[in-house]
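Subject: Structure handover

Hello,

Here is the structure for your set. My notes follow below it.

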Amino acid sequence: MGKRVNMQKDSTITIIGAGMAGTLQAVLLAQRGFRVSLFERNPDPRKGDAPAGRSVNLALGERGRFALDAAGLLEKVDTFSIPMRGRMLHSPEGEQRLQPYGKDDTEVIYSVHRARLNECLLDAADGLEELSIRFNHQLDRIDWDTNQAWFKCSEDSGEIAHGFKVLIGTDGAGSALRRSMQTQADLGVSEELLETGYKELSIPPGENGEPLLDPNALHVWPRGGFMLIGLANMDNSFTMTLFLDNHASDNNRGFDELENWPAQLDFMNEYFADAVPLIPDLEREFKQNPIGLLGTIRCKKWHMDSKALIIGDAAHAIVPFHGQGVNAAFEDCVALMECLQEIEPGGEINWKEVFSELQDRRIANANAIADMALENYEIMRESVRHEGFLLRKELEHELERRHPGHFIARYSLVMFHRIPYAEAYRRGEIQAGILDELLKGASSLDDVDFETAARLINHKLNTV
């Protein structure tokens, strides 16, 4: 990712949070010659198992893969990535139907186990002399006047002070750095908690180690107000996630109805009967795995002058229904490196200008993918069940084939391209209008006027 920077003493960067975004950012910066101190409140995940019930698999698209390639890690990540060519929809009667993601077999997304990707990034960080990682160090407080960050050390119950010049917060939706920054500046933070929660379940491999579902698809059991999804792992197991409202209502079921085993089993048999025999530890997992929270966090400001910056979930947490959380965070990392690339090697870095430029490039895109992720929940749990949606997707893919480079489905723009999210959203709105017009009265592609389609695409999209 660009030329190596001639280091100066004040080029040391402190990063809070050694999750996916923090570790990738640290690796990219160290590869460019920056000295990086990376602090993580949790123990090294490579020395023990990750907490149960929190590992919702990742869907890596082009944005995330581009960032990993920039760090020289894509080839290694591909050794434990599973390509998924579409959604496999499971009806209440147990029938399965594949909805392709893209216009052809080259457009796939990749299922990646969260913990394994994090470990891969940490291994890469260990190999860089400029980068140091301290686990079990939880940010406690910051003295912004003296540029001192205080950390609680769980290993010895002690506390250390760390002097800093530049802080980058990649410490997630509950960011301690963001909370400290808010005591000094108005970041315009808004938090919108989704009524829906999630519980992780699992399908192990079969008796002979074989996968019990098609591993090259994202499995979805859409049930209107809720859904179950499953993503394959390299050992032929599946990570399953039940998304359900936390509280039952007149229109929907809720986790509060499922507090004991008979109720849990009855619910699963009623709505996901074909999955139940595949989940042998269903009772234990319902009991032990926590109900996770889902929400959207937006910030109008991501930095505090030249001292601190937040990126990834710390600045723009989103719900997982478009598979873009890590992809968007990785794109932040790449964008920061692009901002730094514009500085002459050896030149003095004006961090306030760098942070401001990054914010200008990313904030509208972060808001756009947050909106699209919320919309995609409705699509995944409800719309995918209807024939009208299937026809709409079929038409999208046909228009992509007939008008390559001009008409690209919004989902494809997000997953298979690196066009800015805000632009994908804007083009998607225009294309939705085109689809609406073409599908009036249509029951199949035979009813679509493709000459009209060509005129609409040339008129409305070529001038975007």
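Contact here means heavy atoms within 4.5 Å. Helices (H or I, at least four residues) and strands (E, at least two) are DSSP runs, numbered from the N terminus. This is a predicted model, in which local features need pLDDT of at least 70, side-chain atom pairs count only at pLDDT 80 or more, and totals for chains, interfaces and linings use all residues. Residues are numbered from 1 along each chain as its sequence is written, and side-chain values use heavy atoms, with hydrogens and water left out.

Helix pairs

Start with H13 and helix H14 (residues 450-460). In H13, Ile430, Ile434, Glu437 and Leu438 touch Thr452, Ala453, Leu456, Ile457 and Lys460 of H14. By class, this contact of H13 with H14 has six nonpolar, one polar and two charged residues. For the classes, Ala, Val, Leu, Ile, Met, Phe, Trp, Tyr, Cys and Pro count as nonpolar, Asp, Glu, Lys and Arg as charged, and the others, Gly among them, as polar.

The axes of H13 and H14 come within 11 Å and cross at roughly 160°. H13 is therefore roughly antiparallel to H14. Axes are lines fitted to C-alpha atoms, for helices over the stretch in contact; angles run from 0 to 180 degrees between N-to-C directions. Under 35 degrees counts as roughly parallel, over 145 as roughly antiparallel, 65 to 115 as roughly perpendicular and the rest as oblique. The crossing of H13 and H14 is right-handed. A crossing is right-handed if the near helix is turned clockwise from the far one by less than a right angle, and left-handed if anticlockwise.

H13 (residues 421-438) also packs against helix H11 (residues 387-402), at an angle of about 110° and with the axes 11 Å apart. H11 is therefore roughly perpendicular to H13. H11 passes H13 in a right-handed crossing. On the H11 side, the contact uses Arg392, Leu395, Glu396 and Leu399; on the H13 side, Ala432, Leu435, Asp436 and Leu438. The classes in the contact of H11 with H13 are five nonpolar, no polar and three charged residues.

Next come H2 and H9. Their axes lie 8 Å apart, and the packing angle is about 40°. H2 and H9 are therefore oblique to each other. H2 passes H9 in a left-handed crossing. H2 brings Arg63, Gly64, Phe66, Ala67 and Leu68 to the contact, and H9 brings Asn327, Phe330, Glu331 and Val334. The residues of the contact of H2 with H9 divide into five nonpolar, two polar and two charged.

Salt bridges

The structure holds 31 salt bridges (a side-chain nitrogen of Lys or Arg within 4 Å of a carboxyl oxygen of Asp or Glu). One of them joins Arg63 to Glu331, with the closest N and O atoms 3.1 Å apart. This pair links distant parts of the chain: Arg63 is in helix H2 (residues 62-70) and Glu331 in helix H9 (residues 325-341), 268 residues apart.

Sheets

Two strands pair if DSSP finds at least two bridges between them. An open sheet of six strands runs in the order S8-S2-S1-S12-S19-S18, with mixed pairing. Its edge strands are S8 (131-134) and S18 (303-304), each pairing on one side only. Strand S2 (residues 36-39) and S8 pair in the parallel sense over four bridges. Phe39 has Arg134 in S8 as its bridge partner. Helix H1 (residues 20-31) packs on this sheet, touching S1 (13-16), S2, S8 and S12 (166-169). The direction of H1 makes about 170° with that of S2.

Another open sheet has three strands in the order S3-S7-S4, with antiparallel pairing. Strands S3 (58-60) and S4 (82-84) are its edges, each pairing on one side only. Neighbouring strands of this sheet are turned by 40° against each other on average, direction ignored. S3 pairs with strand S7 (residues 109-112) in the antiparallel sense over three bridges. Leu60 stands opposite Tyr110 in S7.

Best regards
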